[in-house]
Amino acid sequence: MSDTSSIILKNRTFTDRMFRRLFWPTLISAIGLALGDVADALFVGIRLGKVGLATMSLVAPVYMVYNVLDVGIAIGASVKFTQALGKGNAKKGSEIFSQMLMTAVSVSVLVGIFGLCAMPLILRLLGAGEEGGELWNYTKEYLQIMFLGAPFTFLYFLLYYCVRCDDDEKLASAGYTIGFLTDVAASAVFIMGFKLDVRGAIYATVLGKAVGVFIFLFHFTRKWSNLRFRFVKPDFKLIIDSLKTGMASSVGYIGQFIALLAVNNILLRIGGESALAQLNVVQNVSYVALAIYTALGDTVQPLSGTFFVEHNKLSIKRVMFLGVVIGVVSGGVIALLFAAFAPSVCELFGLKDEAISAGAFAVRLFCLSVIPAGLNLTWSACFQAIKRERIVFLINQLRTCICFLLFALILSNLELKWFWFTFLGAEVLTIAVWIPVALSKKQESSGKVFTYLLDTNSSDISDLLRKSEAFCEENNASFQQSYCVTICIEEVCQAIIENAFRQKGNEYIQLTLCFEKNKTVVIHIRDNAVSFNPFAMKTGQNYDDEEHLASLGIQIVKTKSKQFFYRRYAGFNTLTVEVE
């Protein structure tokens, strides 16, 4: 095996394990969220039949508007928070979280007030039928409670995304899982037991979100947590910058809102409540079928963001390879299962007689779009993390609005059964458009980068120091800067080898050295040792004390560096040292 191949395989020691560490908890969370959404429609369908499912379809566009704001705030905050920690600036990360938390609370209150005040207008816009009618009343009851519970929804997503990115994915997953279990159990009790109908569905949803928020708050009791909230003066530049990143993804929900409004009206015209009921079944199947891609996106996004600030392109490519392969295989299996059991699924949601066969046909056509939809979602998460927001915006607008509406309008002129090809057509056409656009727009190159994988079996760092020094010389570093870089690398790596590794083989230190455009040199170090923070070693002048003597080099690093930062992330020690 060549040296290059060996290095690539050793690098995967970090990338693959980090991927697995984040993926499984996020998968549980994604499935939980999907099942929570499905439970509402399932019990409402059993209790009320077609009119109940039609109500759930009508309120779906409002969720799209919600998601533009709550998911946009949450993703923007988590991406910027991850990038700040990746650069070793925990204080900046905490400030970002504080600003976005206050933004989330403020926006949620405004959304709730507006929704309650503009209720008649919203109901007419949704096409809820005649005022005072059954469909109108059910939709009104649902939305009133939804708007009152807005703060819980906004906090739920913000805390989930940020807690997960602060190396507490298990707690994040627990909050999501227990929240969805609460939602499912409460739906059964409220709808089937207390006969609250659609009100029971939204009561259960709000309750599940509130329970999740309560669980996420336990993260702030962790001593090592980087998330800290404090009241700060609004920094609109920082807020807008975060929203810009988050909205690149969530703004797709605006398109989805427009598309769903149009599709709801189209289906009411050509198929009535029965067609809307079929749409609701398809939507609920999509929640479960695409949950794997939600999990992959939530795994890809923080990892790609971390590797992006480290200028580690090799690891980004590996993360995307894993995401695509897992998505294609698992998505294909899930789609086949839903296609095989489509009639049973439709019957489960309360469809009767001929509506079952029509609904099964719709579900099977939707299943054809699962893999292309998953590819769009996974790549969108990666592009968002590496600051290619325009591509993210393009993907989301194409698949949820432009292409979707195009096919919906064309196919609505045919028989109803052919309308369900809309999902496949929109996803495939989206892929056909964004790939050439992404390839034609090369990303702006970063500063000069040097990478090295140190195998500590030999504990010999002389080759690393020699190549690091040569890299500094190639980039016209000053003598002082070159000296500071090499002393930082030597002392930190030596401290890790002597204090954290057990000399049992397969122990590595991954180093990335980058000259940023502002001429600052940033050193990123990741190792697979036991938890160990070199910067926490005792420092002082008592050189008769063995620990003080061993930490003398770390004391020098602290004095020579502009800033330094340590965190345990995704199962590895991660250090960042910045040298001017």
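Predicted model: local features only at pLDDT ≥ 70, side-chain atom pairs only at ≥ 80, totals over all residues.
Residues are numbered from 1 along each chain as its sequence is written, and side-chain values use heavy atoms, with hydrogens and water left out.

Helices here are DSSP runs of H or I with at least four residues, and strands are runs of E with at least two, numbered from the N terminus. Helix α6 covers residues 150-165. The expected span of a helix is 1.5 Å times one less than its number of residues, so the 16 residues of α6 should span 22 Å; its end C-alpha atoms are 23 Å apart, which agrees. Of these 16 residues, 14 are buried (buried means under 20% relative accessible area, exposed over 50%, and partly exposed in between, with a 1.4 Å probe and protein chains only). Just after α6, D167 has a positive phi of about 60°.

A nonpolar core is a set of buried Ala, Val, Leu, Ile, Met, Phe, Trp, Tyr and Cys residues joined through side-chain atoms within 4.5 Å. The largest one has 152 residues, and Y142, L143, L158, V281 and W420 touch the most other members. Helix α2 (residues 50-86) gives the most to this core, with 19 residues. Contact means heavy atoms within 4.5 Å; leaving aside neighbours within four places in sequence, V281 is in contact with L53, V345, C346, F349, L351 and V363. A second, separate core of 38 residues includes I489, I497, F532 and V557.

Rings of Phe, Tyr and Trp (its six-membered ring) pair if their centres lie within 6.5 Å; planes under 30 degrees apart count as stacked, over 60 as edge-to-face and the rest as tilted. By this rule there are 30 aromatic pairs. In one of them, the rings of Y63 and Y66 have centres 6.5 Å apart and planes at 70°, so the pair is edge-to-face. Y63 is partly exposed at 24% relative accessibility, whereas Y66 is buried at 3%.

The rings of Y156 and F216 have centres 5.6 Å apart and planes at 45°, so this pair is tilted. Y156 lies in α6 and F216 in helix α8 (residues 198-216), so the pair ties together parts that are 60 residues apart in sequence. Y156, F157, Y160, Y161, Y176 and F216 form one aromatic cluster.
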